[in-house]
Structure formats: structure tokens, C-alpha cells
Amino acid sequence: MKRNPMALLYAGILCVLCLAVTAACRQDMHDQPRAEPFEESDFFGDRRSVRPAVAGTIPRGHLRLDEHFYTGKIDGALATDFPAPVTIEMLKRGQERYDIFCAPCHSKTGDGLGMIVQRGMKQPESFHSQRLLDVEVGHYFDVVTNGFGNMYSYEDRIDPADRWAIAAYVRALQMSQGANLSELPESDQQRIRQIVEVEE
């Protein structure tokens with residue numbers, strides 16, 4: 001089969017043109033006409049492409065106007081209530097976070113006999129001691145935020161909403177150890193009675 005020399009020539013020219021166009025596009029992608037970070041600029045008088053932040057600018061999410069939510073305090077005193085309603089979802093989240101961050105020392109029941117303590121670390125006070133039963137709920141938020149005694153701060157590890165969830169779960173743990181049967185919903189009372197009857 002004979003090959004047409006003119007067709008081959010056109011195909012070759014077309015390939016060279018495609019390569020040239022593609023190479024130009026590739027260069028534009030690598031060196032776009034925009035200012036790179038901290039690149040010098042002739043547009044501004046200070047010759048900087050990056051504009052300085054306006055004085056007093058606060059990064060998004062760092063304003064923290066709600067003292068109660070972000071510090072566990074109201075007018076400098078420990079808060080006696082939660083900044084939001086305590087829900088089942090909040091308690092479940094608190095249990096999850098508690099089991100991860102707190103249970104190794106405080107144990108899953110809050111008696112202060114966690115695995116780390118069993119291996120030699122100083123035992124923290126039980127959440128069921130009278131002092132911690134009487135303390136304001138803001139105390140728990142403050143301790144998780146700032147640390148206390150041998151416990152270091154978790155402020156950079158646990159966000160504020162989760163710190164409140166942990167505080168709510170600690171309160172639930174405390175209530176679980178001293179709740180009267182009559183304080184429970186009727187359905188739970190019946191379940192407990194059935195368990196006791198089976199064990200007897």
C-alpha cells in the first residue's frame with residue numbers, strides 16, 4: 001500500500017502544532033498570572049502582594065463572646081448550669097469522649113481506679129466523693145480545659161462542646177451511683193424489678 005507523501009507531511013505538521021500548543025498550555029498552568037504568597041508587587045506602595053490584616057482582626061471561630069460556653073464561668077464564677085440543654089445525644093457523645101480521654105485515669109465508673117492508676121500513677125479523687133458531688137458543673141469544664149493537679153489541659157485536644165458533653169456525662173455517672181428507684185421512669189423501674197426477681 002502506497003503512502004501519500006503529502007498526507008504524511010500534513011500529519012507531521014499537525015503533530016508539531018499540537019505539541020507546540022500543548023507545551024504553551026503546560027507552561028501557563030505552571031506559571032499563572034497571579035501573585036504568589038509574599039511575592040513582591042508593583043501594585044501596592046509597600047511592594048508586598050500579601051495585604052496585612054486589619055488591626056484588631058480576630059480569626060474566625062476565635063471571638064468567644066460566650067463566657068459561659070467557652071470558660072465554664074459566668075462573671076468569673078464557676079457556672080452552676082449547662083450553656084445548652086442536656087440531651088441523650090449529648091450524653092452519648094460525652095460517654096464516648098469520656099471513655100477516650102478520662103476513663104484511663106478516672107475509670108469508666110468514675111471511681112478514680114482507671115488502668116493508668118492500676119499501673120502506678122497517683123489516683124485522682126473519685127467523682128462520687130461528697131466534694132465533687134457538690135461542686136459546680138463549671139468546675140468539670142474548667143478542669144478539662146485548664147488541667148488540675150497531675151492532669152494536664154485538654155483545651156487543644158477536646159473542643160468546648162465536647163468538654164460540656166463530658167461534664168454532663170460525669171454528672172450522669174454521679175447520679176447513677178445514688179439514684180433512688182422511685183426517681184427513674186416507670187419502664188426502667190419495671191426492668192430493674194424483673195432483674196432483681198431473676199437474681200433472687
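## Ground rules

This is a predicted model: local features need pLDDT of at least 70, side-chain atom pairs count only at pLDDT 80 or more, and totals for chains, interfaces and linings use all residues. Residues are numbered from 1 along each chain as its sequence is written, and side-chain values use heavy atoms, leaving out hydrogens and water.

## Helix 7

Helix 7 spans residues 137-146. Helices (H or I, at least four residues) and strands (E, at least two) are DSSP runs, numbered from the N terminus. Nine of the ten residues in helix 7 are buried (under 20% relative accessible area, 1.4 Å probe, protein chains only). Among them are H139, Y140 and F141. The cover over these buried residues includes helix 2 (67-71), helix 6 (130-134) and helix 8 (160-178). Just after helix 7, G147 takes a positive phi of about 85 degrees.

## Aromatic pairs

The structure holds nine aromatic pairs. Rings of Phe, Tyr and Trp (its six-membered ring) pair if their centres lie within 6.5 Å; planes under 30 degrees apart count as stacked, over 60 as edge-to-face and the rest as tilted.

Y98 and F127 form a tilted pair, 6.4 Å centre to centre with 55 degrees between the planes. Both residues are buried. F127 and Y140 have ring centres 5.9 Å apart and planes at 75 degrees, so this pair is edge-to-face. F127 lies in the loop between helix 5 and helix 6, while Y140 is in helix 7. Ring pairs link Y98, F127, Y140 and Y169 into a cluster.

## Charges over rings

A charge sits over a ring if NZ of Lys or CZ of Arg is within 6 Å of the ring centre and within 35 degrees of the ring normal. R51 lies over the face of F44, 3.8 Å from the ring centre. The charged end of R157 sits over the ring of Y154, at 5.7 Å from its centre.

Notes. Buried means under 20% relative accessible area, exposed over 50%, partly exposed in between (1.4 Å probe, protein chains only). Contact means heavy atoms within 4.5 Å.
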